[in-house]
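Here are my notes on this model, as numbered points. Please read them with the structure open.

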Amino acid sequence: MSHLTGPVSPPPVLGGRRLPLVGRARMYVCGITPYDTTHLGHARTFVWADAAARVLRHAGVRVEVCRNVTDVDDVLTSAARRAGSPYDSFAAVQQFHFEHDMAALGVAPVTYEPRAHNHVPQVIALAAALVDAGHAYVSDGGVRFRGAGVPERAGLGREAALPLLAEYGDHPDDPGKKDPLDVTVWLPSRDNGPAWPSPWGPGRPGWHAECAAMALTTFGPALDVHAGGGDLRFPHHAYEAAMAEAVTGVRPFARAWLHVGVVRVDGAKMAKSAGNLVFTADLLARHPAAALRLMLLGHPWRQDWDYAPGAAEAAAARLDRLHTAAGGPARRRRPARRRSAPCWTTGTCPRRWRSPRTRADSPPVPSSACSPSPDRASPAARARQREPGRPRRWCRARAGLVRARVVPGEGGRGAGRGGAGAVRSGGGRRRRCAAGPAPSPSPPRAARRRPPRAGPAARRCSPGSSPRWCRTPAPGRRPAARRPRR
């Protein structure tokens, strides 16, 4: 008897290979070396990796994404020296800008984000294990991995592999290597660069060993999906997988690879050395983030893409067409709603809004005396209303919009603090509403401090007095003593 309640969805296919997943998917994404601002080549890789993770989650798979930060590298150290900053502080600033750009493009936060400088002990352990297994050897204070068979596994010949090793800084002409195809796992530190103690002397990790150590530490001996730029297929990804498989004995290291095609400008790869970088932050300042994401996803992920200056505008127009076809809101602005001035500023309020007491003796307040009510005015009007210091309840009481009662102005316990002609509005605050010139703007905060409180019998206000608190004692009476503060 079957207990299935519905059809079983087929496993996803990535790179032409079926990828059955049970429970969770372990996805490792090669991150950036934070020595410069994010450009479109970086953005395309990480947007496509985010799209792949979203598709797997939509299929009901729990995806855990690890995106590393290579903050120990010769390129980063050189850039930090030119900026006059420590390498770790310089990398943290560049990483902040990178994460800001990724958030703007809608890239979801990753589950793990290891940094290379925090995994130096794991790299030392990896190098020691490779030496013990005979897959690496010690030379000139460093450890080098034997890579004679790595290009063949990557589908390259020896003649094609050597120029790529030289391009990515693996120095095939290093005299300390037994084979030009060998790469560094641990290299001695030079030129006062960052260094950590090791059994072979002070030094730092190699580039390929950093990613291998971080991936093994985070997910164990194997991955379900390994994502990164297509230009990292060789030598970086090939040597990273070879080191992990040599130390664990588990093959393959990654069940599927997501090698995203590079971005080109006029046929040349977008790179800092070529001087043709297009920065993501500059495009985000001029175009919607959704349009840029659509532009990056608008081409097959494994193919290289030639960027043109009008690609962002074309993507924005395409996004509008998609919104229109889906019945959703297009990127258009709604007409602004026209609002007339409040009636209490123009004297046009209905007569029934005024109380019987204020209907006859409180003429409408002209627009120059009061600002509009903050709850009905625009933000600019609310800002202007605070400048004169004139309270809103005072203006509305003058206009008769608040039912007010006049407090007797004689001295004694029955006298209000505002004196004769004072109005107590609905909020319990007393304001003067007698006809006459409008009160002066409120004094500074230091001058608005409440004076020491005296007894009720000692407070007496004349009918025409303007201060809020009057402390002139009544004739024949002695001022009350001041209470000590607790």
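1. Start with a cut-off. A residue counts as buried when its relative accessible area is under 20%, and as exposed when that area is over 50%; values in between are partly exposed. R67 has a relative accessible area of 8%, so R67 is buried. Keep in mind that this is a predicted model.

2. The overall make-up comes next. The chain has 486 residues, and 42% of them count as buried. It holds 15 helices and 16 strands. Take the contacts in the chain with a separation of 6 or more: 69% of these join residues 24 or more positions apart.

3. Now the salt bridges, with R67 again. The structure holds 15 of them. One joins the side chains of R67 and E113, at 3.5 Å from N to O. R67 sits in strand β4 (residues 62-67) and E113 in the loop between α3 (87-104) and α4 (120-133), so the bridge ties together parts 46 residues apart in sequence. R67 is buried at 8%.

4. D74 and R204 form another salt bridge, with their closest N and O atoms 2.5 Å apart. D74 belongs to helix α2 and R204 to strand β8 (residues 203-205), so this pair ties together parts that are 130 residues apart in sequence. D74 has 44% relative accessibility and therefore counts as partly exposed. R204 is buried, with a relative accessible area of 10%.

5. E245 and R251 also meet through their side chains in a salt bridge, at 3.8 Å from N to O. R251 has 64% relative accessibility, so R251 counts as exposed. Separately, a network of salt bridges links R24, R62 and E64.

6. Helix α2 (residues 74-83) also holds R81. R81 is partly exposed, with a relative accessible area of 46%. Which residues does R81 touch, leaving aside its neighbours within four places in sequence? The contacts are R190, D191, N192 and G193. R81 and G193 lie 112 residues apart in sequence, yet their C-alpha atoms are 9.8 Å apart in space.

7. Look at how α2 packs on α3. The angle between them is about 95 degrees, and their axes are 9 Å apart. The two helices are therefore roughly perpendicular to each other. From α2, the contact uses L76, A79, A80 and A83; from α3, it uses Y87, F90 and A91. By type, the residues of this contact are seven nonpolar, no polar and no charged.

8. Next, α4 and helix α7 (residues 207-219). They pack at an angle of about 100 degrees, with axes 9 Å apart. That angle makes α4 roughly perpendicular to α7. Q122, V123 and L126 of α4 make the contact with A209, E210, A212, A213, L216 and T217 of α7. How do the residues of this contact divide by type? Six are nonpolar, two polar and one charged.

9. Helix α10 (residues 289-297) has a run of buried residues: A291, L292, R293, L294, M295 and L296. Please note that R293 is among them. What do the buried residues of α10 pack against? Their partners are α1 (40-58), α9 (280-286), β13 and α11 (311-326).

10. Three strands form an open sheet in the order β12-β11-β13, with mixed pairing. β12 (268-269) and β13 (305-307) are the edge strands; each has a single partner strand, so one side of each is left without a neighbour in the sheet. β11 (residues 263-265) pairs with β12 in the antiparallel sense, over two bridges. Within that pairing, V265 stands opposite A268 in β12.

Terms used. Residues are numbered from 1 along each chain as its sequence is written. This is a predicted model: local features need pLDDT of at least 70, side-chain atom pairs count only at pLDDT 80 or more; totals for chains, interfaces and linings use all residues. Side-chain values use heavy atoms; hydrogens and water are left out. Two strands pair if DSSP finds at least two bridges between them. Helices (H or I, at least four residues) and strands (E, at least two) are DSSP runs, numbered from the N terminus. Buried means under 20% relative accessible area, exposed over 50%, partly exposed in between (1.4 Å probe, protein chains only). Contact means heavy atoms within 4.5 Å. A salt bridge is a side-chain nitrogen of Lys or Arg within 4 Å of a carboxyl oxygen of Asp or Glu. Axes are lines fitted to C-alpha atoms, for helices over the stretch in contact, and angles run from 0 to 180 degrees between N-to-C directions. Angles under 35 degrees count as roughly parallel, over 145 as roughly antiparallel, 65 to 115 as roughly perpendicular and the rest as oblique. Ala, Val, Leu, Ile, Met, Phe, Trp, Tyr, Cys and Pro count as nonpolar, Asp, Glu, Lys and Arg as charged, and the others, Gly among them, as polar.
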